[in-house]
Amino acid sequence: MTERTARGNAALGGAGAWVVGVLVLLVVFPLTARDRLPDRLATHWGASGEPDDSMPFWAATFFPALIWLLLAAVAVLALWRARRTTGTAAAPGWAGITLGFTGVTLLGAQASIVRANLDRDDWRDAGSVTGWVIATLVGAAGVAVAARQVGRRSRLAAPPPSGPAMEIPKGQRFVWLSRTSNRRLHLLAAVTGIVTLAATAGAVAGLWGLQGSVAAASFAVATVALLACASVQARVTEKGLEVALGPLGWPARRWPADSIASAWVETRTAAQVGGWGYRLSGLGTTVMLRGGECLVIRTVKGKDFAVSVDDAERGAALLNSLIGQRAR
């Protein structure tokens with residue numbers, strides 16, 4: 001078993017233990033205090049801090065558990081797929097954050113409800129939960145940040161895969177260029193562009209007033225963002241790597257050769273990185289326009305960047321050769 005696989009198994013096992021532990025506590029909290037709780041429990045409080053809605057005891061006990069099971073199933077499935085695909089559970093990063101934040105939030109809410117209803121004859125007499133809710137949200141946010149940092153450290157601790165390399169004759173110049181586009185994003189950009197024109201025309205004609213102007217501006221921003229994420233061009237020269245987005249090649253990101261520690265090819269899917277376009281996840285930053293092979297680099301600062309382009313192996317080989325030349 002490799003170190004990456006062991007990390008993936010450990011992360012998946014830890015996630016499973018967390019899911020079971022939270023599930024048990026969500027049910028145990030009210031059941032252990034059943035004799036001290038009314039038949040209906042206050043489950044919602046108004047702005048004044050007074051209870052204004054309730055649930056039967058069984059519903060208040062099992063409804064949070066059901067919500068937790070549904071959310072946890074999605075997150076654990078994502079972790080499992082990441083482990084099978086990459087040998088690690090570092091991706092997608094939102095899975096660990098979701099499990100941590102949601103678990104603490106539901107536990108805190110359940111504990112607050114039980115405490116507020118404890119030794120009350122009627123749910124309308126339940127105490128306030130405002131302070132406990134604030135403390136719970138602060139704690140949940142802290143756990144989410146910690147989960148994100150643990151996932152990031154786990155990803156950085158694993159050494160990058162050894163990438164391909166090729167011999168470049170001394171004194172010769174070289175360039176590698178690859179471009180990819182996503183027809184669905186282009187089509188969606190066309191749709192939002194048409195809506196932008198219609199909303200702009202209506203606003204100019206005075207048909208919709210301020211709402212029309214806001215709609216036109218919103219759809220215009222969406223169109224520009226979609227166009228920027230619908231195509232990408234990657235280029236490797238003796239200077240390093242340049243990744244340009246959109247039909248105009250802007251915005252663009254550049255990495256000098258001496259800022260890149262390693263380059264390799266990795267198969268990724270949109271599900272792993274959280275969708276299409278410019279994505280941030282536990283695998284770092286990915287420009288995802290089609291599933292399959294991606295050119296991946298790790299900078300000397302330990303940050304990963306991937307772009308889904310064709311002929312990624314040749315681009316990685318040129319980068320590694322360039323890195324080797326600069327190191328000598």
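I looked up Leu66 and found it in helix H2 (residues 57-86), where helices (H or I, at least four residues) and strands (E, at least two) are DSSP runs numbered from the N terminus. The model is a predicted one, in which local features need pLDDT of at least 70, side-chain atom pairs count only at pLDDT 80 or more, and totals for chains, interfaces and linings use all residues. Residues are numbered from 1 along each chain as its sequence is written, and side-chain values use heavy atoms, with hydrogens and water left out.

I noted that Leu66 counts as partly exposed because its relative accessibility is 46%; buried means under 20% relative accessible area, exposed over 50%, and partly exposed in between (1.4 Å probe, protein chains only).

I then turned to Trp250, which sits in the loop between strand E5 (240-245) and strand E6 (252-256) and counts as exposed because its relative accessibility is 67%. From Trp250 to Ala228 I read 7.4 Å, C-alpha to C-alpha, with the two 22 residues apart in sequence.

Next I checked strand E1 (residues 40-45) and strand E2 (residues 51-56), which run antiparallel and are joined by five bridges; two strands pair if DSSP finds at least two bridges between them. Trp45 has Pro51 of E2 as its bridge partner. Five residues lie between E1 and E2 in this hairpin, and Gly49 in the turn has a positive phi of about 90°.

Last, I listed the contacts (heavy atoms within 4.5 Å) of Leu241, leaving out residues up to four places away in sequence, and found among them Arg235, Trp255, Ile260, Leu295 and Leu319.
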